[in-house]
Amino acid sequence: MTDTVIDVRDVSIALGGHSIHRGLSLSIKRGEVIALIGGSGSGKSVLLREIIGLMKPDAGHIDLLGQSVWDCTPDQMDALRRRFGVLFQDGALFSSLSVEDNVATPLFEHTRLPHALCRQLARLKLDMAGLDPDAVHKQPSQLSGGMRKRVALARALALDPELLFLDEPTSGLDPISARAFDVLIRLLADSLGLTVFLVTHDLDTLFSIIDRVIVLSEGRVLGSGTVAELKHIDDPWLRDYFAARAPEGVVHGN
Amino acid sequence: MTAAHAHFDEAQDALLASGDWHADAAPALPALGGKTVRILDGAGLTQLDTNGAWLLLNAARPQAGDPLPELRAFQPQHRAMLDLVVQHSAPTGVQPAPHREGMLALAGRGSLAMGGHVIGLIDFVGRLFLELMALIGRPSRWRWREFGAQLGTVFVGAIPIVIGMLFLLGVVFAYLLGSQAQQYGANIFVVDGLLLAILREISPVIVAVLVAGRSGAAITAQIGTMKVTEEIDAITTLGLSPLAVLVIPRVLALLVALPLLVFVGDIAGVLGGMLVTQEQLDISYPMFIDRVVDVLLLKTLLVGLGKAPVFAIFIALIACRMGLTVTRDARSVGTNTTSTVVQSLVAIIIINAIFAVMFVRLDI
């Protein structure tokens with residue numbers, strides 16, 4: 001199956017009189033692991049929020065898994081929401097629920113399985129996300145940043161979505177945890193056949209696990225392709241962006 | 001999309017699954033009634049996700065540690081999904097859910113928490129006193145701007161609600177008193193009773209309750225949110241004291257605002273009573289005012305106003321302390337804000353009772 005799972009056509013939005021997207025279009029095929037990059041304020045998060053149905057664009061169409069996000073009945077939207085998972089930047093865990101119940105919540109709400117069974121499935125997801133089994137009864141406030149991200153990933157995977165959205169999955173993690181998280185995302189994407197759409201600033205993520213990078217600039221898609229292909233695009237921001245990775249062996253001072 | 005289906009073949013002890021298997025497919029599982037599944041057959045499967053794979057495996061071997069059944073005729077991608085799930089459903093390492101506490105234990109914990117609050121408050125007062133001592137010699141370190149801003153919200157913002165509440169309470173109280181006094185022809189004494197009740201008890205207590213609900217809760221929520229977003233830590237790291245920057249201006253603002261609000265409440269309450277006595281008891285406004293001038297003792301007013309700063313200090317201390325003891329999650333802000341209001345109300349009632357007994361003993 002190589003159909004298009006995300007199709008964004010001519011989307012425009014202005015926030016507070018400031019134009020964010022001007023006729024932005026992109027499309028993503030099933031099974032791709034895509035990274036969206038762009039300077040601060042280039043509207044990466046706004047685009048993500050438009051695609052997952054949290055923010056309505058002023059103009060344009062967004063189709064997700066073959067269905068329009070902004071022209072559908074609430075029931076259709078609910079059915080659509082079951083088919084994608086979102087990892088928010090800081091995890092967005094429900095602070096009044098235990099780790100296990102956080103992950104089981106989508107199952108409680110969207111399936112008719114008994115709660116005990118939902119919790120067992122939640123543990124499976126937590127184990128797949130690489131969380132220590134000792135942590136399942138903890139409260140989110142007792143977790144470290146890396147663990148919160150893993151719990152949030154498990155929650156995003158709870159209903160076995162076809163599509164996974166990740167907002168800066170490695171921000172706030174130390175390099176070791178960040179690389180481990182990258183590997184985990186790639187592993188899950190491959191083994192579960194997920195399409196992954198992630199917003200990131202992390203160059204190491206781009207170089208390691210991404211099939212295709214989409215660059216956002218001045219409200220449009222500046223270019224898309226593998227990292228090697230993007231290096232040929234002559235754009236000052238993009239050049240600075242790839243140059244920002246500190247070369248190894250640089251000696252400070254003299 | 002094909003519906004999930006599964007049936008148990010008794011001859012081979014095989015569970016044959018077909019269709020799309022996902023989380024909603026659970027009802028399609030046949031009742032096995034303790035029979036052992038030796039073979040899991042996936043020839044008819046069209047789709048399988050991790051939830052579906054787990055359900056099938058769980059049906060085939062209810063105990064995670066049991067040996068796996070033979071997996072037969074699975075397509076490679078479905079086989080990979082099953083392997084992934086087997087790998088991640090380890091039987092060990094999962095502890096039972098923490099023991100849920102009974103009502104008695106919860107009540108006991110609540111009582112202990114109350115005791116803890118009393119000790120915590122004493123500790124907080126001590127630290128605040130030391131901070132005040134350190135600040136007393138350095139007027140430049142006082143946060144006058146913060147004090148002014150707090151006074152604005154605590155005092156000016158509360159005036160309309162205080163006037164509204166106390167006016168209505170004055171009306172109600174005068175009605176009740178008037179209907180009793182009328183029976184004895186003691187109409188004019190309604191003025192005496194009204195003044196005593198409003199000035200001495202009703203206005204200070206009601207205004208303190210309003211301020212506890214309005215400003216006390218706001219202070220806890222604000223300081224608590226600052227704690228969650230690490231603003232308090234930032235203040236400390238900049239070499240400033242959160243007590244000097246946040247707590248002392250708020251305590252002083254409440255200390256100034258509450259007596260002023262009580263005075264505003266006194267006037268509103270008496271005006272409400274005046275309206276009713278004229279309507280119900282035919283006491284004209286000039287008569288009412290003459291009577292007030294005759295019977296009003298300065299000490300009645302001062303007793304009411306004098307209680308206000310004491311209430312204010314307790315409300316401010318409780319609110320600030322609960323704000324600073326918030327832990328880093330959203331629920332904690334909510335529970336601490338609730339706790340502020342409850343503790344403040346309890347403190348107001350207790351202090352008021354102590355004052356009442358004290359004034360009687362001292363013949364005031």
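# Exercises on a predicted two-chain model

In chain A of this predicted model, 64% of the contacts between residues at least 6 apart in sequence join residues at least 24 apart.

**Exercise 1. State how many helices and strands chain A has, and what percentage of its residues count as buried.**

Solution. Start with the elements: chain A has nine helices and 10 strands. Then take burial: 41% of the 254 residues of chain A count as buried.

**Exercise 2. Find the angle at which helix 3 and helix 4 of chain A pack, and classify their orientation.**

Solution. 
1. Locate the two elements: helix 3 of chain A covers residues 99–110, and helix 4 of chain A covers residues 115–128.
2. Read the geometry: the angle is about 120°, and the axes are 8 Å apart.
3. Apply the cut-offs: 65 to 115 degrees counts as roughly perpendicular and over 145 as roughly antiparallel, with an angle such as this one left to the oblique class.
4. Helix 3 and helix 4 of chain A are therefore oblique to each other.

**Exercise 3. Which residues of helix 3 of chain A are buried, and what covers them?**

Solution. First list the buried residues: V99(A), E100(A), N102(A), V103(A), A104(A), P106(A) and L107(A). Next look at the cover, which includes helix 4 and helix 5 (145–156) of chain A.

**Exercise 4. Describe the side of chain B that touches chain A.**

Solution. 
1. Count the residues: the contact takes 23 from chain B and 20 from chain A.
2. Name the elements of chain B that give two or more residues to this side: helix 1 (50–60), helix 2 (76–88) and helix 11 (330–361).
3. Helix 2 of chain B supplies the largest share, four residues.
4. By type, this side of chain B has 11 nonpolar, seven polar and five charged residues.
5. Note the confidence: chain B averages a pLDDT of 86, with 97% of the residues scoring at least 70. For the complex, the predictor gives an ipTM of 0.72 and a pTM of 0.66.

Conventions. Residues are numbered from 1 along each chain as its sequence is written. Chains are lettered from A and ligands numbered from 1 in the order in which they are written. This is a predicted model: local features need pLDDT of at least 70, side-chain atom pairs count only at pLDDT 80 or more; totals for chains, interfaces and linings use all residues. A residue is buried if 20 or more other C-beta atoms lie within 10 Å of its own, exposed if 12 or fewer, and partly exposed in between; C-beta atoms are placed from the backbone. Two residues are in contact if their C-beta atoms, placed from the backbone, lie within 7 Å. Ala, Val, Leu, Ile, Met, Phe, Trp, Tyr, Cys and Pro count as nonpolar, Asp, Glu, Lys and Arg as charged, and the others, Gly among them, as polar. pLDDT is the predictor's confidence in each residue, from 0 to 100. Axes are lines fitted to C-alpha atoms, for helices over the stretch in contact, and angles run from 0 to 180 degrees between N-to-C directions. Angles under 35 degrees count as roughly parallel, over 145 as roughly antiparallel, 65 to 115 as roughly perpendicular and the rest as oblique.
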